[in-house]
Amino acid sequence: MKIGIVCYPTFGGSGVVATELGIELSKRGHEVHFITYKQPVRLELLGSHVHFHEVVVQEYPLFHYQPYELALSSKLVDMVKLHQIEIVHVHYAIPHAYAAYMAKKMLHEAGVYLPVVTTLHGTDITLVGSHPFYKTAVEFSINKSDAVTSVSESLKQDTLRLFDITNDIHVVTNFIDLEKHNYGFTDCQRSMMANDDERIITHISNFRPVKRIQDVIKVFYNVQKSIPAKLMMVGEGPEKEAAEDLCANLGIEDKVVFFGNSNEIDRILCFSDLFILPSETESFGLAALEAMASGVPVISSNSGGIPEVNTHGFSGYLSNVGDVEDMSHNAISILSNPEVLRQFKQQARQQAQKFNIHNIVPKYEAIYENTLSKCMQL
Ligand code: GMT
């Protein structure tokens, strides 16, 4: 198939999922065209099966807001015609599903039928999409998509609760390429980060309020009082400065490393002993899955789709949002006993197997094929 993929090319989970999906589809023989404003961060492999088409928005002083969705829908029309793209898969409803619908309409005028698959990722529904400013257009474009998927059952239920949805929503969970996460990798330069007797705790996110990164620091503060430990904070975002201040106020700044955004997530996870994800809400929690794939157990909140990813007492533990005491207690219970830690690490890796890329990507292929054949019959 010739498949167009529209996504945010930045460090967010939806962009990572879209990129990994495109790479895997290309390995499975499909021709993949990424259409977005920048080459996706994890897309190193451009080749005969993977193409990138840049959406350029010309700055014009009259516009207070530059019209990205207009440029995107024009680019989609042009690329579909030029490369005979058969189906387009948009990740994150805003504004991608809306722009794809416009492209579909324009192509229809030219006698070309373009089926659109929309994947809902989380904040496009729970935080941003359901806001009255956007709701009408988001609901419309979800209902006009030829197929809709969501990354967890929890997100599907949120979508049905927040919008008036007339379309079916298929749950296709996020996935992981286990071969990219070298469990048992020994050359991970752990000694550069911590002493042998110290445990390494890691958090990776976009440091937005929804991630509750102050809770990460507070849990770490409690843990390091009884177990020698270091904290790795990976990412950039609006809450970073406040988190640095909190570390200074608690007197633990020498035990916390702020990395910024990193392309070496697997290297950092390789020397981590525990991952903390205390989010207010999370449709899935891809970062937790990446941690588990590297054999890192997860201490998380129990909100949204996280319980579908992290199993309490097996791959880690779940607590109520904001229950720092419970999270600290759970973290200490895993880290204080080497045999318990070894077992949780093994179970975390086992849990990640449920989301093996080789089992999930065929589900998207089946959706593309069904959508294409349904559209042929119209
Ligand atoms: O977590 C974010 O703020 C970024 C956001 C995104 O658009 O990349 O993540 C969402 O999609 C990810 C990939 O499907 C999910 O793993 C995250 O749980 C989801 N974030 C939220 O629901 C807050």
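1. Helices (H or I, at least four residues) and strands (E, at least two) are DSSP runs, numbered from the N terminus. The model is predicted: local features need pLDDT of at least 70, side-chain atom pairs count only at pLDDT 80 or more, and totals for chains, interfaces and linings use all residues. Residues are numbered from 1 along each chain as its sequence is written, and side-chain values use heavy atoms, with hydrogens and water left out.

2. Tyr92 lies in the loop between E4 and H3. Tyr92 has a positive phi of about 85° although it is not a glycine. With 14% relative accessibility, Tyr92 counts as buried (under 20% relative accessible area, 1.4 Å probe, protein chains only).

3. Two further backbone features deserve attention. Gln84, in the loop between helix H2 (68-83) and strand E4 (87-91), also shows a positive phi, of about 50°. The peptide bond joining Ile94 and Pro95 is cis, with omega about -15°; Pro95 is placed in helix H3 (residues 93-109). Most residues other than glycine have a negative phi, and most peptide bonds are trans.

4. The chain is divided into domain 1 (2-175 + 357-376) and domain 2 (178-355), with bounds from an automatic or database domain assignment. Their C-alpha centres lie 30 Å apart. Domain 1 gives 22 residues to the contact and domain 2 gives 18 (heavy atoms within 4.5 Å).

5. One salt bridge is counted between the domains (a side-chain nitrogen of Lys or Arg within 4 Å of a carboxyl oxygen of Asp or Glu). The side chains of Lys180 and Glu20 meet in a salt bridge at 2.7 Å, N to O.

How values were computed:
Buried means under 20% relative accessible area, exposed over 50%, partly exposed in between (1.4 Å probe, protein chains only).
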